[in-house]
Amino acid sequence: MVRLFAVGWLFHLKSLTQSLFFVLISVIQPIIFASIAFFMFESGSRAGTLLYVALGAGLMGIWSSTLFGSGGAIQWQRWQGTLEVLIASPAPFLLVLLPLTLATASVGLYSIVMTLVWGRIFFGVPLDFEHPLQLAVALPATIGSLGLLGLVLASTFVLYRNANAFANLLEYPIWLITGLLVPLSLLPGWVTPISWLLAPTWGIRAVRDAALTAGGSAWPEIGMCVLLGAAYLVIGSFCLRNFERLARSRATLSLT
Amino acid sequence: MTAATRVFFVGGLISYRALFNWIRPGLYITTMLGSPLFQILFFTYLGRYTASQSDDFFIVGNSVQVAAMSAIYGMTMGIANERQYGTLSPLLATPANRPALFLGRALPFVANGLFVSTFGFVISWLLLDFSPEPSDLPALAFVVLVTTCSCTALGMVIGSIGLRARDVFFAANLVYFLMLLVCGVNIDIDELPGWLAAISHVVPLTHGIEAARDVVAGETLGDVAGLVAIEALIGATYAAAAYGLFRLFEAEGRRRASLETF
């Protein structure tokens, strides 16, 4: 099982890295959005650090790659004609799909690296992290929780014929309501409880606390990422089992 | 109705229905209306947080720019999908008037872009207290129309390149995102580095957005006539370049028997 997971994750990571579309959304798009935000912060009167922007734009890239990669994961297998083979294999489908959704979130790591490097070179963003150890834990915890959220997306978007269009719809709202660049205090009050259910909210808080807050601690937010990740795993595996059962009984596995 | 007129109107409409991948209601609402709505909200709230410009700056910039979704992606699909779907060879084997065939495809996407942009302004009025003077609306509509046409011309260039290139949707995505950075949608052109500002002056959208902001601020159509004229001129230049590329790739494709090869 460990080998299946590791090989699957590595395979999908390599495969996604070679996709021009994923290069666009995990490398180029975050750089463009980070640049826009850098210019806006520089010309605005808001006091703050550009590192705040670089980290937020990086997490925006992680969300985009998770959303588009995981949201369409099962559909892609259908289009490629590999879904039946994967379902028919002796390994649980969960263990086949999970490495893919985690890989889509892992590709987002490029986003963080690129926005930090871009910010450092072109905008002079200081890369002085307050708690490097906490940051080293916060990043994989965030990516893991987003990958598990991706599992929920993969197992529910399959019910929607035009999953990619639905993914288009969800990109900006999640950027907005999880506080990646705009503080939640600026948004209507009803947004805050919704944001608590979304891993990017806790991920960005963990990463920012670790990187920017001198006296702070990122451990509670890291804990929330782990907790939410576990909840997503339960929901995702339940939805996936249901999908598999229905698709087998109705003979709709390969229908696109 | 002459053959060329029929090709222009009827052919354009049929190609729109056949090649525009997002025309089904589910896709159209999520992609063409939902995504622009949240784009406008995202940048307006980000603008409020950074306190870099007024709400109107972001609302007008993004409401005009979202027309580019139809203009860039739609127009790219409207031309490049002929090759993708294997209908390019039969199409080019017909004796149809080429300018009518090519330009007729743009009309539905211009109308669509206008609709999406109008939706952006209306939703901003409903959710973000955007309230231009009613007397400014005809001038604003004209500026948006000209800007949508010039963006569609840029989409035509990308679509024409799609008759040759392998992955033209990468270019379409890249151009759409770069517009957000380069064309003064969310950043005042004066704040951009010199080389980026120089690029912004030769691409569609920049002058149109500036004119739209001036109109919303109370200037008349006459006051912004210069900006509108430049936007129209840029659009005409891109349209001419797109048609040139279309004919070039048609000729090259015939000569090398590579019309539908990837």
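**Exercise 1.** Determine how the span of H2(B) relates to the expected value, and locate its kink.

Solution. Step 4: after H2(B) comes Ala51(B), with a positive phi near 55°.

The model is predicted: local features require pLDDT of at least 70 and side-chain atom pairs pLDDT 80 or more, while totals for chains, interfaces and linings use all residues. Residues are numbered from 1 along each chain as its sequence is written, with chains lettered from A and ligands numbered from 1 in the order in which they are written.

**Exercise 2.** State which element of chain B gives the most to the side that touches chain A.

Solution. Step 1: the contact (C-beta atoms, placed from the backbone, within 7 Å) involves 31 residues of chain B and 30 residues of chain A. Step 2: on the chain B side, H2 (25-50) and H9 (168-182) each supply at least two residues. Step 3: H2(B) contributes the most, with 16 residues. Step 4: the chain B side comprises 16 nonpolar, 11 polar and 4 charged residues. Here Ala, Val, Leu, Ile, Met, Phe, Trp, Tyr, Cys and Pro count as nonpolar, Asp, Glu, Lys and Arg as charged, and the others, Gly among them, as polar.

**Exercise 3.** Characterise the packing of H11(A) against H12(A).

Solution. Step 1: the axes of H11 (residues 199-212) and H12 (residues 219-250) of chain A lie 8 Å apart at an angle of about 155°; axes are lines fitted to C-alpha atoms over the stretch in contact, with angles from 0 to 180 degrees between N-to-C directions. Step 2: H11(A) and H12(A) are therefore roughly antiparallel (an angle over 145 degrees). Step 3: the crossing of H11(A) and H12(A) is left-handed, that is, the near helix is turned anticlockwise from the far one by less than a right angle. Step 4: the residues of this contact of H11(A) with H12(A) are 7 nonpolar, 2 polar and 3 charged.

**Exercise 4.** Describe the packing of H3(A) against H6(A).

Solution. Step 1: the axes of H3(A) and H6(A) (residues 93-107) come within 7 Å and cross at roughly 150°. Step 2: H3(A) and H6(A) are therefore roughly antiparallel. Step 3: H3(A) passes H6(A) in a right-handed crossing (clockwise). Step 4: the contact includes Ser65(A) and Gly69(A) of H3(A) and Thr101(A) and Ala105(A) of H6(A). Step 5: the residues of the contact of H3(A) with H6(A) are 3 nonpolar, 6 polar and no charged.

Methods: Helix = DSSP H or I, 4+ residues; strand = E, 2+ residues; numbered from the N terminus. Parallel < 35°, antiparallel > 145°, perpendicular 65-115°, else oblique. Contact = placed C-beta atoms within 7 Å. Expected span 1.5 Å × (residues − 1). Bend = angle between axes of the 7 residues up to and from the residue.
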